[in-house]
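Welcome! Please take a look at the sequence and the 3D picture below, and keep them open while you read.

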Amino acid sequence: MALTGVMPWHQATWQHLTRLADSGRMPHALLIHGAHGVGKQQLAEALIARTLCASPADQACGHCHSCAMLASGYHPDLLRVSPEEGKRQIRIDPIREVNRFVSQTAQQGGYRVIVISPAEAMNVAAANALLKSLEEPGEKTLFILLSDVPSRMLATIRSRCQQWSLASVAFEACRGWLIEQLGSLDEAYFWWQVAGGLPLLAVELAAPEERALRHQIHDSFEQLVRGSEPVSEAARLDRQAIDAILWYGIAWLEDLIRLGLSGEAAVLHNPDLEPLYRQAVKNGRVQDWFRLLDYAREQRRLLAVGANPNPQLVLEAWLVRWAALLRS
Ligand SMILES: [Zn+2]
């Protein structure tokens, strides 16, 4: 079995978690949160494996019956809950299943582990149904909740979990791993910057199709500067990529704000976009950039919860606002 490795930048967190487990002080519910691309899933997988393993060392042994079952894709003492295929919400039925699961005895005589991901996807009924199990979980039960945006969770759920916040990663801490993934120091550093210090996101963004998308968005913005119509630029972009397009826009606005406030190109996450930023900075209205940033974050939130049915309109409105900002 290929062990789910702990990411090198999570070694300290991992040591802390294993000490808790080995001294019998592991809480019954963990909320592991941090931005997409920091490695929450990898940390959780390593913890799931070690918790279920019959003879764990620093990590799960990889050989015991429990490790073998986990590797096969089915373990009777592990229950994973995520939104159904094509859906955004976790509804009450799978949480009722969680409640039944925790009321039973572990089949392998060890821990039962319940993983809920992303935890913010639980609707109110589901979250309320989970509360009782979180309050009285029974012995040897470990809940692992994963969340990109814990502020979207019910406060009553958050407060019943021990929170583990995974912050963005300093380059030195992920440098070797990124060079291994991306082939060179220059590539590693560039994509680490673009991803805002999120190593797995850096690798995602550096993949060919994602690179092409970034290039295309950049090109559309250049065209906007030259007077192209936002609606025709919106038609050239893939509306299915609206979340990524908003994500880039947010990252670029944050760059613009950094540049506008400091005047220093060294602070940029996207140094290759400096000429574009200089164009926008000529307008010099920082409050407009902040307003656009709020707008984009809200649109991303609405898309995430399924409350925004028309990505094409969002895309057009987004580019109309950028066009106003880029043209002096
Ligand atoms: Zn094992």
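Here is a friendly tour, from the whole protein down to single residues.

This is a predicted model, in which local features need pLDDT of at least 70, side-chain atom pairs count only at pLDDT 80 or more, and totals for chains, interfaces and linings use all residues. Residues are numbered from 1 along each chain as its sequence is written, and side-chain values use heavy atoms, with hydrogens and water left out.

**The whole protein**

- The protein has 15 helices and five strands; helices (H or I, at least four residues) and strands (E, at least two) are DSSP runs, numbered from the N terminus.
- Along the principal axes, the C-alpha atoms of the protein fill a box of roughly 70 × 45 × 30 Å.
- Of the 328 residues, 47% count as buried; here buried means under 20% relative accessible area, exposed means over 50%, and partly exposed is in between (1.4 Å probe, protein chains only).
- Take the contacts between residues at least 6 apart in sequence: 71% of them join residues at least 24 apart, where contact means heavy atoms within 4.5 Å.

**Helix 12 with helix 14**

- Helix 12 (residues 242–262) and helix 14 (residues 286–304) have axes that come within 10 Å and cross at roughly 155 degrees. That makes the two helices roughly antiparallel.
- Axes are lines fitted to C-alpha atoms, for helices over the stretch in contact, and angles run from 0 to 180 degrees between N-to-C directions. Angles under 35 degrees count as roughly parallel, over 145 as roughly antiparallel, 65 to 115 as roughly perpendicular and the rest as oblique.
- The crossing of helix 12 and helix 14 is left-handed; a crossing has this name if the near helix is turned anticlockwise from the far one by less than a right angle, and is right-handed if clockwise.
- Residues of helix 12 in this contact include Leu246, Trp247, Ile250 and Leu253, and those of helix 14 include Trp289, Phe290, Leu293 and Arg297.
- By class, the contact of helix 12 with helix 14 has 15 nonpolar, two polar and four charged residues. Ala, Val, Leu, Ile, Met, Phe, Trp, Tyr, Cys and Pro count as nonpolar, Asp, Glu, Lys and Arg as charged, and the others, Gly among them, as polar.

**Helix 10 with helix 12**

- Helix 10 packs against helix 12 at an angle of about 65 degrees, with the axes 11 Å apart, and this crossing is right-handed.
- Glu210, Leu213, Arg214, Ile217, His218 and Phe221 of helix 10 meet Ala244, Ile245, Tyr248 and Trp252 of helix 12. These residues divide into seven nonpolar, one polar and two charged.

**Two residues of strand 1**

- Leucine 31 lies in strand 1 and is buried, with a relative accessible area of 0%.
- Among the residues that leucine 31 touches are Leu145, Met153, Cys161 and Trp164.
- Histidine 33 and leucine 166 are 133 residues apart in sequence, yet 6.0 Å apart in space, C-alpha to C-alpha. The contacts of histidine 33 include Lys40, Ser147, Gln163 and Leu166.

**Side-chain polar contacts**

- Serine 228 sits in the loop between helix 10 (208–225) and helix 11 (230–236), and is buried, with a relative accessible area of 17%.
- The side chains of serine 228 and glutamate 233 make a polar contact of 2.6 Å. A polar contact is a pair of N or O atoms within 3.5 Å; within protein, one must be able to donate a hydrogen and the other to accept it, and residues adjacent in sequence count only if both atoms are side-chain atoms.
- Arginine 100, in helix 4 (residues 92–103), is partly exposed, with a relative accessible area of 45%. Its side chain is joined to that of glutamate 97 by a polar contact of 2.8 Å.

**Backbone details in two loops**

- The peptide bond from serine 117 to proline 118 is cis, with omega near -10 degrees. Proline 118 is in the loop between strand 3 (112–116) and helix 5 (124–135).
- Lysine 140, in the loop between helix 5 and strand 4 (141–147), has phi near 45 degrees, a positive value in a residue other than glycine. At 43% relative accessibility, lysine 140 counts as partly exposed.

How values were computed:
Lists of a residue's contacts leave out its neighbours within four places in sequence.
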